[in-house]
2 protein chains.
Amino acid sequence: MQNVKVLLVGFGVVGKGVAKVLLKKEREIRKQNLDIRLLGVCTKSGSVIDEKGVKLSEVLEFAEKGRLKEHPLWSQKRALNIISSINADIVVEVTPTNIETGEPGLSHILTALNSGKHVVTSNKGPLALKFWELVEKAEENHLKLRYEASVCSGLPTFNLVRNALYLNNILSIKGILNGTTNFILTKMHEEEVSLSTAMAEAREMGICEADPTYDVEGIDAAAKLVILANSIMKMRKTYSDVERTGINEITSEAVQLAKNNGYVIKLIGEVSKNTLEVAPRLIPRVHPLNVSGTLNALMFKTDLINDIFIIGKGAGQIETASAVLSDIIEIAKN
Amino acid sequence: MQNVKVLLVGFGVVGKGVAKVLLKKEREIRKQNLDIRLLGVCTKSGSVIDEKGVKLSEVLEFAEKGRLKEHPLWSQKRALNIISSINADIVVEVTPTNIETGEPGLSHILTALNSGKHVVTSNKGPLALKFWELVEKAEENHLKLRYEASVCSGLPTFNLVRNALYLNNILSIKGILNGTTNFILTKMHEEEVSLSTAMAEAREMGICEADPTYDVEGIDAAAKLVILANSIMKMRKTYSDVERTGINEITSEAVQLAKNNGYVIKLIGEVSKNTLEVAPRLIPRVHPLNVSGTLNALMFKTDLINDIFIIGKGAGQIETASAVLSDIIEIAKN
């Protein structure tokens with residue numbers, strides 16, 4: 001049985017999801033000869049830590065009741081101190097994305113890599129801003145940095161390319177990287193409502209980012225696109241290199257005109273040799289990239305197997321946690 | 001550098017494709033620290049073998065000119081003798097599918113496993129008929145049996161589930177497993193032609209199986225479905241367990257009626273707890289399973305990340321060879 005000690009930094013929706021999936025899949029994980037032990041969780045205001053391992057179900061219960069501070073192991077010790085001093089194998093960084101500074105994720109990840117821990121993250125900010133700095137830091141220290149959950153959540157993208165496409169060169173990637181704007185555009189197309197009506201409905205459903213401009217201005221999609229560009233296409237780009245047009249100026253008339261001609265308007269991210277762009281584009285009505293609602297869809301153009309598409313939910317607590325766990329398991333197994 | 005000695009059994013479209021991809025990707029393969037050496041090729045009428053390795057480009061050139069028998073190393077030695085006696089690490093079995101007997105693939109695979117060779121195959125017959133017998137024989141002898149190319153060619157299915165979906169349980173699989181019937185149904189839908197007209201066009205394009213009933217009666221799709229059912233859903237089924245209805249009774253009127261109601265008719269294979277069936281089904285016009293032309297599409301229902309879809313070309317020489325190579329590399333690396 002291989003023992004893997006994990007520190008969870010960030011205990012919001014994704015962090016709790018990771019705890020839930022660890023509990024749900026306890027038996028399957030053990031079957032793979034892995035003993036994944038949680039040493040604790042760090043939040044903005046303090047932490048619950050035990051170097052021998054915390055009781056996962058108990059920590060989760062306190063957190064779900066909003067009473068993590070009442071946990072017997074609670075202290076106000078700060079995440080950065082814990083990350084650098086704890087005896088963990090893997091730091092799981094799942095704090096919220098900040099696309100301007102990358103913080104606090106950026107410091108968390110660098111501190112983990114500088115103190116000899118592998119890193120698994122769902123946080124787009126640090127990767128979209130400082131991809132190669134982080135990757136090179138990890139390589140320098142012979143550590144792994146994995147980020148499957150950062151793009152399209154549970155939908156496999158990096159794992160698909162690395163573990164299933166093998167000798168294929170990826171010539172371009174194109175797709176729908178943001179479920180909220182896709183929901184809005186689908187509403188406008190199918191129900192012929194205005195942008196503001198569709199946006200209001202998305203907000204009501206709670207599927208918008210904390211800051212709704214992240215979605216509608218294409219910021220979230222651009223962050224994901226630049227991670228794909230760097231990781232899969234080996235470009236050396238940063239977030240600000242992405243040409244970005246959001247959906248905020250899409251009118252009902254434009255959607256209708258597209259519809260009358262057999263097209264849909266979709267917010268498409270595309271990376272190829274000469275393109276790094278997020279913008280609204282016309283897609284034929286019957287086409288693998290015309291997916292409805294909150295679905296995400298990615299097309300990989302390859303040299304051996306032509307175009308392949310992968311489609312699925314690009315968000316969700318358990319979905320994202322599933323991707324985080326896949327990274328933990330991959331690191332543990334190697 | 002790890003040395004991998006490969007024997008190619010079958011040197012038709014797929015076998016030649018494997019040789020082409022090996023040549024095309026020589027540098028990338030070496031970069032992965034692998035030296036894949038071809039010890040020779042076996043055909044129905046004889047073989048070209050050199051235990052020290054044959055010159056790939058030369059063998060391919062003779063074969064492409066239809067002059068393999070003139071190759072200096074040509075002999076009439078039979079495949080089964082060579083498989084059992086040669087000092088190869090991996091036997092690549094890429095002879096044509098026979099869904100009644102599984103032969104000659106079945107004997108080739110069993111002989112390879114009985115003489116200590118790993119097996120990579122694109123041949124659906126042996127797997128659709130004797131899946132567990134072959135898998136258990138491989139396990140008994142601590143050998144690998146891999147068959148990514150047998151279902152949907154280059155489109156990753158088994159590799160996707162094993163190497164990218166990790167902890168996810170697959171609850172059901174549903175999809176379009178045969179490109180030729182999908183081409184025919186797409187023609188009938190889009191151009192409103194009859195079944196026989198669409199079939200004639202498919203034949204002209206050379207995309208039908210040698211025996212066209214393999215496609216239109218759903219035989220090819222059923223063979224793939226039962227491999228998915230066994231491999232991914234751990235069922236113990238054989239080809240004859242699949243309930244099978246082809247597209248041979250689909251009329252223009254039925255297609256038109258579906259179209260008028262916003263649907264398309266697709267030949268769908270489905271495996272779930274209580275279903276193992278290939279049959280024409282109605283799919284909504286905008287749906288990830290409504291793919292056009294010769295595309296294949298698969299939906300995996302999972303417990304963690306919901307429904308995911310993978311779409312791409314389900315046939316083609318280089319595509320199939322790409323999947324065969326992915327299996328060779330995976331075996332070589334472990």
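In the predicted model, 42 residues of chain B are in contact with 42 residues of chain A. Together the two chains bury about 3,500 Å². Carbon and sulfur atoms account for 66% of that area. Three residues stand out on the chain B side: Y166(B), L167(B) and L304(B) contribute 21% of the area that chain B buries against chain A.

The salt bridges between chain B and chain A number two. A salt bridge joins the side chains of K25(A) and D303(B), with an N to O distance of 2.5 Å.

Strand pairing also links the chains. Strand β13 of chain A, residues 307-313, pairs with β13(B). The pairing is antiparallel and runs over four bridges. Within it, I310(A) has I310(B) as its bridge partner.

T97(A) sits in the loop between β5 (90-93) and α5 (105-114) of chain A. Its relative accessible area is 22%. T97(A) is therefore classed as partly exposed, because the value falls between the 20% limit for buried and the 50% limit for exposed residues.

Leaving aside residues up to four places away in sequence, T97(A) touches N123(A), K124(A), G125(A) and Y214(A). The side chain of T97(A) makes a polar contact with the side chain of N123(A) at 3.4 Å. The T97(A) side chain also reaches the backbone nitrogen of K124(A), at 3.1 Å.

A254(A) provides a distance reference within the chain. T97(A) and A254(A) are separated by 157 residues in sequence. In space, their C-alpha atoms lie 32 Å apart.

Notes:
Residues are numbered from 1 along each chain as its sequence is written. Chains are lettered from A and ligands numbered from 1 in the order in which they are written. This is a predicted model: local features need pLDDT of at least 70, side-chain atom pairs count only at pLDDT 80 or more; totals for chains, interfaces and linings use all residues. Side-chain values use heavy atoms; hydrogens and water are left out. Contact means heavy atoms within 4.5 Å. Buried area is the accessible area (1.4 Å probe) that two parts lose on being put together, summed over both. A salt bridge is a side-chain nitrogen of Lys or Arg within 4 Å of a carboxyl oxygen of Asp or Glu. Two strands pair if DSSP finds at least two bridges between them. Helices (H or I, at least four residues) and strands (E, at least two) are DSSP runs, numbered from the N terminus. Buried means under 20% relative accessible area, exposed over 50%, partly exposed in between (1.4 Å probe, protein chains only). A polar contact is a pair of N or O atoms within 3.5 Å; within protein, one must be able to donate a hydrogen and the other to accept it, and residues adjacent in sequence count only if both atoms are side-chain atoms.
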